Amino acid sequence: MKDFIIPDDRDFGTPASKSKTMVTLSIDGFEVTVPEGTSIMRAAAEIGISVPKLCATDSIDAFGSCRLCLVEIEGRNGTPASCTTPVAAGIKVHTQTGKLKQLRRGVMELYISDHPLDCLTCAANGDCELQDMAGAVGLRDVRYDAVDTHFRTKNTSGEANPQWLPKDDSNPYFSYDPSKCIVCNRCVRACEEVQGTFALTISGRGWDSRVHAGLKDDTFLSSDCVSCGACVQACPTATLTEKSVIDIGTPDRSIITTCAYCGVGCSFKAEMRGDELVRMVPYKHGKANRGHSCVKGRFAYGYATHQDRILNPMIRDTINDPWREVSWAEAMEFAATRMKAIQEKYGRQSVGVITSSRCTNEETYLVQKLTRAVFRNNNTDTCARVCHSPTGYGLGQTYGTSAGTQDFDSVEECDVALVIGANPASAHPVFASRLKKRLRQGAKLILVDPRRTEMAEGAHYRAAHHLALKPGTNVAIVTALAHVIVTEKLYNEEFIRTRCDWDEFQDYMEFVADPKHSPEAVEMLTGVPAAEVRGAARLYATGGNAAIYYGLGVTEHSQGSTTVIGIANLAMLTGNIGRRGVGVNPLRGQNNVQGSCDMGSFPHELPGYRHVKLPEVRAIFEKAWGVEIDPEPGLRIPNMLDAAVDGSFKGLYCQGEDILQSDPDTKHVAAGLAAMECVIVHDLFLNETANYAHVFFPGSSFLEKDGTFTNAERRINMVRKVMAPKQGYADWEVTQMFANAMGAGWTYTHPSQIMEEIAMTTPSFAGVTYDKIEEMGSVQWPCNEKAPEGTPLMHVDGFVRGKGKFIRTEYVATDEKTGPRFPLLLTTGRILSQYNVGAQTRRTHNTVWHDQDILEIHPHDAETRGIRDGDWVRLASRSGETTLKAEITDRVSPGVVYTTFHHPETQANVVTTDFSDWATNCPEYKVTAVQIMPSNGPSEWQEEYQAQATLARRIAAAE
Amino acid sequence: MPLDESAVLSRVNEILAEHNGMEGPLLPILHAIQESFGHVPQAALPVIAQHLTLSRAEVHGVMSFYHDFREQPAGRHVLKLCRAEACQSMGADRMAEHAQRRFGIEWHETTKDGAVTLEPVFCLGLCACAPAAMVDGRLVGRLDEARLDALAEELR
């Protein structure tokens, strides 16, 4: 394993002060200079003096309750707590005096008198701050006789002790043992300050004070707890402990790596014992997450060792045969022979690849290189096609780059957050926590979403405006916002004159000022009261630093690209671009969807978003790869499937993506796959797509390989191998073996060599090396000669394309319309505990929170259809039908229903249509006209599908 | 008789509306609810939490901090006996035992006929007249067995 630089991971006790004014003081005779507002405890820690403490930790504000961190200050009375006392110029602090020693020992005696002394069998043995502090203060004796305790199950006369509370094991990942609690409040404060859920409290008072989740009768599971793990991490004792630590023991080493779930890209310490992963702990120097995590990254890694994982390559002649386990060599031979034969028979263009947004940049780069340099066509696409391809198009057209403009730290300075078609509380939880923290400090939230999502209101904040629009009317709303800004002259003329093209602005102004775009005019269309729209527009334009965060609710529409352009226009109109606290930020879905787009996964673009038709770009790669590159763009995923049905596309290498479940119109996808002659699936599990595959390459998890992921803020984070691949090879090695079986002759021995090739060929990555990432922790592209340290903020002095471009955004209603047969609009989304198609999270304990997809329906719509809460209902569209259970709720408006797509049993995408974005083909998942009716159980399609899946997943017994 | 939940919620919503715009409204709201129902029904807490953009845990934390907010209705009369130092030195423990025996209940319990709820209290500020008690908000000083018995008769 390679050595890398680990920044100081010590606990400084209180958060860092951001003041620019410096103060010098003396601690134990040493001079120290720190920012004003720093606590004495932190100042001491800066020079290596650890003042004993229990209730302080540097992720949360000082509390001053444990009375262990007392110090003496010359010329001041008493013994103030060093955590709550800020530094002052010239003071002389003593952290260790006779008096302090005696006081601390007295305090520890009281703590220990009500604590079980079962250290040797305690899960926190060796990792317990109470234990450490008893040692630090020299506790040798406890004079108090523990008559009343919280930890004995029975009192001295054998009666049950009413003060003893049993363990709460309701959460699948951690345990709450009240008998070990010292009521330091760290968990409660972490839940409030770090996570922002406020699920915990101290119930009772005095001797009866207990940490408690939710209301009186709640457990951790039934409370508001979202299982982010912040409380567990904050707990100084064994009171809140990961069950994995209880099962395994304490870890002995840790490796810093990057979470493989969403586009936030949190840094974690993978804490190991031997090659067993004991726990994942968010890394406090991670620049995306700043020490925070969510239930998925923190706990839901069990899929990596799940029994469903396939560890041997498998092949079969037809998809009706059972799988046959074979050696790697045989699988490669089989796959290469088939692919070559297909290309010989049907031509060069008859095969292609789908790159994975879950794999590393290096792996993605190799897969697109496989099709361009080995298959010799441009038939490569990626799941970004079905999520953020309109972002690429829209931001590329207006600003000149297809990526978010800010880093996540920027949210700390935003005054107005406009969240459109995104539910960060469920899909990007760590970012949501950071946003909520800012909202609690007084920033305002404008939410544009058909549904009253978890973001609409929460502990200590409520959205200033919730524009609950009808699905499919984003463009009308965004244009109406611009109409208000333009007609009420709230735009920033200076910014527009200096940074944008004034003539284009004139044209755009003429367009939006038309009364037909006014909030009043579109009210009938969008269902949003005009006054709300006007209020929101005024707030966005005049409320200070305004930042836009958007998600798939913007892009997955027939006018996805138009909405992205409209969003870009809003930011340009108001000058909210190019500094901290503002910007346009797509919340990317997958851990490396940004990276997979950067790496040239799209059929028309070589790495770095450069069109394949440009000869000078092709020349770079032709020189590096030694082959001629096809100048014609290749097929997009929907085109590949159409071509397959037509009979001209016959072979597919699909890495780490489950197109059958995730892509729209499942029946069409199934028909396309079934028509192919060689489908190679490279995945951890026999996913739904694998039901139609002929070759299965087992994949490796993110724990088993080196590489990099690029998150939504363009941050290139290191992924480090913490254990050997269970099936023998990292995914990039498998792709290389397959390419070589096809005759490529690649010779990479480490992903860093692939990154060298990327840097050499791609200007925005020119300065990226593994050494630089190791040294800096992470790098935000563009990273090149102009920005050797990377680029946290884009478009600071001017847009990448030169002048910002205003483009008209005419609203065109989608062809998917409600009518008498299909009167309701279905929109889809995610839930916190499950991830995307659920291939990973369904194989973890996260299913306790969400074990099936549920249809949300408004009470009015339910009543007219005779549907009660919990009933099975049939959900039918023009494309197909499925059944699932209904939940009656007013989170959705009348006329709108909502569900998630995490479970293959439901296959919500059987219902979605093949309408798509006009510019990029991104499917219109978010709007489908449907009808709902009571049902008795699974639909015919679901039963047929299950039967086919069971049949297709058979693996022949070894002979 | 258990309260009808929809009736509770509609009264709670009225109370919430009465406190609109008030700064630091949680305690006044809890007092008003207790005034209305004689206790604070658990069903009211999530409604209060949502209205005030607080979490359910926070409301529970506040309510459980104050012993005077009841989860269950009390008896027709509430007898509070002081348990603080001055009263203890003047025989409060003896008074407590006497009261518990007389009514046949422990602390925080209500007599079977629903007449009296017995509660400890820590200092009524009546130390000069210790041991002290409070009956339905009325202070009683210089308690002894005879006076307690008289009180008990009065409370029947």
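Helices and strands here are DSSP runs, numbered from the N terminus; a helix has at least four residues and a strand at least two. Keep in mind that this is a predicted model.

**Exercise 1.** Find where B:Cys123 and B:Cys127 lie in chain B, and decide whether each is buried, partly exposed or exposed.

*Solution.* 
Step 1: Look for strand E2 (116–121) and strand E3 (133–135) of chain B; B:Cys123 sits in the loop between them. B:Cys127 also has its place in the loop between E2 and E3.
Step 2: Recall the cut-offs: 20 or more other C-beta atoms within 10 Å make a residue buried, 12 or fewer make it exposed, and anything in between is partly exposed.
Step 3: Count. B:Cys123 has 14 C-beta neighbours inside 10 Å, so it is partly exposed. B:Cys127 has 17 such neighbours, so it too is partly exposed.

**Exercise 2.** Describe helix H2 (residues 26–37) of chain B: its span, its buried side and its surroundings.

*Solution.* 
Step 1: The twelve residues of H2(B) reach 17 Å from first C-alpha to last, close to the 16 Å expected.
Step 2: Its buried residues are B:Ile29, B:Leu30, B:Ile33 and B:Gln34. They lie on the same side of H2(B), because they cover an arc of only 135 degrees around the axis.
Step 3: The buried residues of H2(B) pack against helix H1 (5–18), helix H3 (44–51) and H4 of chain B.
Step 4: Just after H2(B), B:Gly38 has a positive phi of about 80 degrees.

**Exercise 3.** How many residues of chain B are in contact with chain A, and which helix gives the largest share?

*Solution.* 
Step 1: Twelve residues of chain B meet 21 residues of chain A.
Step 2: Helix H4 (residues 56–65) of chain B gives the largest share of the chain B side, with seven residues.
Step 3: By class, that side has four nonpolar, six polar and two charged residues.

Terms used: Residues numbered from 1 in each chain as written. Chains lettered and ligands numbered in written order. Predicted model: local features only at pLDDT ≥ 70, side-chain atom pairs only at ≥ 80, totals over all residues. Contact = placed C-beta atoms within 7 Å. Nonpolar A, V, L, I, M, F, W, Y, C, P; charged D, E, K, R; others polar. Expected span 1.5 Å × (residues − 1). Arc of directions from axis to C-beta.
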